Amino acid sequence: MQEAMIKRAVQLLADGTVNRVMGWKRGEFVYDITPAVFTTAEELEKDFVCDDFTQANLSKYLVKESRKEGKILAFLKPCDTYSFNQLVKEHRIIRENVYVIGIPGGPKLDIEKIKAKGITGILSVENENYTLKIETIYGTETMPFSEAVSGKCSGCKSKKHVAYDELIGDDGEVLDSNRFDMVAKLENMTSQERFDFWRGELSKCIRCNACRNVCPACTCENCVFDNPKSGIDQKAAADSFEEKMFHIIRAFHVAGRCTDCGECSRVCPQNIPLHLLNRKFIKDINELYGEYQAGADTTSRAPLNNYNADDCEPSVVHERGVE
Amino acid sequence: MQRIGVFVCHCGTNIAATVDVKAVAEALGHEAGVVISQDYQYMCSESGQNLVKNAIKEHKLTGVVVCSCSPRMHENTFRKAAASAGLNPYLVEIANIREQCSWIHKDIASATEKAIILGRAAIAKVHLNTPLTSMESPVVKRALVIGGGIAGIQTALDIAEAGFEVDIVEKEPTIGGKMAQIDKTFPTLDCAACILTPKMVEASQNEKITIHSFSEVSDVKGFVGNFTVTIKKKARYVDETKCTGCGLCTEKCPMKKVPNEFNMGLDNRRAVYIPFAQAVPKVATIDPNYCMMLKNGKCGVCSKVCSAGAIDYKQTDRFVEQKYGAIVVATGFNPIKLDKYDEFAYSYCPDVVTSLELERLMNAAGPNGGTLLRPSDKTHPHTIVFVQCVGSRCDDGKGKQYCSKICCMYTAKHAMLIREKYPDTEVYVFYIDVRTPGKNFDEFYRRAVEQYNVHYIKGMVGKVSPKADGKIDVQASDLLAGEQLHINADMVVLAAAIEPDKTARPLATMLTTQMDTNDFFTEAHPKLRPVESATAGIFLSGACQGPKDIPETVAQASAAAAKAIGLLCKNSITCNPCVAHSDELMCNGCSACEKVCPYGAITYQDKEFRMPNRTTAVRRVASVNPAVCQGCGACTVACPSGAMDLNGFSNSQIMAEVDAICK
């Protein structure tokens, strides 16, 4: 797969279709993959990587990249194409300046799940028939692939590319996922239990802003949390929970626009399941206004930005909040 | 430093009986920035306003808070007072301590506390108020009338009379509407066509009036004084400019079996037709559902006989765009469909007819040339039963809850006309109530009962059953006599409820006007602004606003015209300065605001911005047309980045109010 991608990227650079390539490169460790822009065949052949650890969603980077001179090639997994579409819909990505190659998605691996098995000093990770062969400085370890699958991939909603100029590999289908199971479980809690759950989770937050910085729905020119005029930037917290309102405000901000790409939870250094807040909104929208998947297309009107005469009454929304 | 004056109104006892106004004035006098706090019996009175004006001058006030009734009542009064004393009118805030406080509370202590809190919120807001200046926007001196019935015709004639251009858009091939189908009019019994058709001709001959017949409004953009409307001129396959209305094609067309909608389907017309003799414009129209030439390319008779060469089988829908300053809606009504009323046998017995069908049956230009005959066997009916309120005043969900208003009078008219012309006919009228308010209306009804011996029976008809001998058994209850009746009738006439035309709802969406649950257009105020819609520049004429008879319709049509003329007379109108604006440095260009804007006030443009390190970047940013924006604020809540804000109701002002209330 990686070879095919490099080969095609080199071709497109050579024939002038694009002048840059958006992909991934390896960092200090094999599992340490970061998004990168390549401009020459040499760079691609040396650094370009696409393997079981390339989870990062490249769509958000295209907000800035698509505004630069010339066209850029981007490799997008199925889940990334939803974010891409949503950003095109919001006029954040200039579609004409991007050449999208759809590539097959996960399941991808989460290094933290491997490390949780006590495996450290990792040199390389090979997938042999869904058994991971892990070379470490202490010797070789094995574990089942399924036990190391990233949380973002285990609730996969779709293997279908909703935007691309060409595909490498086959296109898949929208999946009947179980991604709302945990939300349903939270809904069934009493409000006190739910409050305790979230206070427990959100109290771990160190306000590193990683979730915001990675979120493809968070592309405001001037974020409300950085804007002195908003009255909430750098605000001293009145109590221990107020700081956590950051996450609630953020969830409201991306409601109806979040495609459930799962990047927020993936990058959280404190492993807070932030995606559950967004999924609650998605589940509510689906139930109140009918099935809606943000980013599935670039033209439809989002339920929260639209009004139909048969929209549910506010009283229905109200009753759902009453225990 | 702010210098704020607070003025607490007693409103006689309206406020003072439940709110300790002196305590409110005292408490608010201690708020930061407040330099004077007073109470007065009637702040809106001349002397009350002088109190405010003098305080502005004497204390050099920078803001005014009036604790009184709803801003809907007197905000304008106090703004004007402030302006006359030299203070920008938008530095005045109203704290509503009447409708939202004194009227809804009984306990003086808690109502007083709440009034103080509401006052505090207004003070917090006025601290952040900025002076605002109204802009002016020009008025296009042309009006659009949607609907060419008697309401639309009257409105157009009145506007044209005042010297303004008017366009009438009528969806049917001719203007005239329902009145053209009516035989006689109550209470004078003059012939409807005789009084309507001269007006139709007058409209067509008036050089200020343009009639777009067989046309529909397909798009409306813009705002009061400056609407841009797209009119769809439907293909009629006849060149209007060439057709002389000779009618030869309508005689020669071989397609003879097309139900004639003008005669309510009681007889047939041809595939090419002119609805009736006095149609305006008198131009033929080809019905593509029946024309053999348009359906399978075989025929072409009309084209051959037309000496004017007006037939054009290749004609397509055309779209015309025009600018208007005012729009008058006159879309009228229709009788409801009676398919849910099987108990009256309407769907399967031809001798059970609606009142509008009876109009055609009795009309000289109708299917029987004016002789009243049963549709089934063309014999003279000797017993006729009228059923009132079919689908009106109906609580069972099948019909309408409202009274259709016109049925009592036209039924009295029908009964009287039948008894006059065919004295051997027995006429029964079953009613819930007979409602005849209107000049000479009750006298008219009394005449039907007393002079013409029409049998009025209070009670509803339960069942209508056609019998094998061609008669109709009408089973009903006489509520006053307390007995069940069976009437052996020859004909049954149903006074079907009336409802707004089906085109009204999509039109309301295009015009962003409000409708009630029955799809009647809602007036801006039921008593004081009856012919204006809540949307500026849109006026209401005739039955589209509620059931009406002809005199009322014409009166309202002229009233709507007067309002439209009042607008068109102005060279420009003052805009509301409380409009939205976008902070371009924060705008993402995501289109969320544009999508929720009900007025189409938001557009996007690519603008170049200076960026760090001496670079520039082109960004897509929203801009609000302040003349179109109505200040509803939908965009400010839809904007994900907080770039949209509303003058006079800024996010920071609202947060300050909330903070003051929660303090």
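Between domain 1 and domain 2 of chain A, about 740 Å² is buried, with carbon and sulfur atoms giving 73% of this area; buried area denotes the accessible area (1.4 Å probe) that two parts lose on being put together, summed over both. The side of domain 1 of chain A that touches domain 2 comprises five nonpolar, no polar and two charged residues (Ala, Val, Leu, Ile, Met, Phe, Trp, Tyr, Cys and Pro count as nonpolar, Asp, Glu, Lys and Arg as charged, and the others, Gly among them, as polar). The structure is a predicted model, in which local features need pLDDT of at least 70 and side-chain atom pairs count only at pLDDT 80 or more, whereas totals for chains, interfaces and linings use all residues. Residues are numbered from 1 along each chain as its sequence is written, and side-chain values use heavy atoms, without hydrogens and water.

Zero salt bridges are counted between domain 1 and domain 2 of chain A, a salt bridge being a side-chain nitrogen of Lys or Arg within 4 Å of a carboxyl oxygen of Asp or Glu.

The interface of chain A and chain B buries about 1,300 Å², 50% of it on carbon and sulfur atoms. On the chain A side, A:His91, A:Glu221 and A:Asn305 lose the most area to chain B, together 37% of what that side buries. One salt bridge is counted between the two chains; A:Glu221 also takes part in a salt bridge with B:Arg619 (3.6 Å, N to O). By class, the side of chain A that touches chain B has one nonpolar, six polar and eight charged residues.

Conventions. Chains lettered and ligands numbered in written order.
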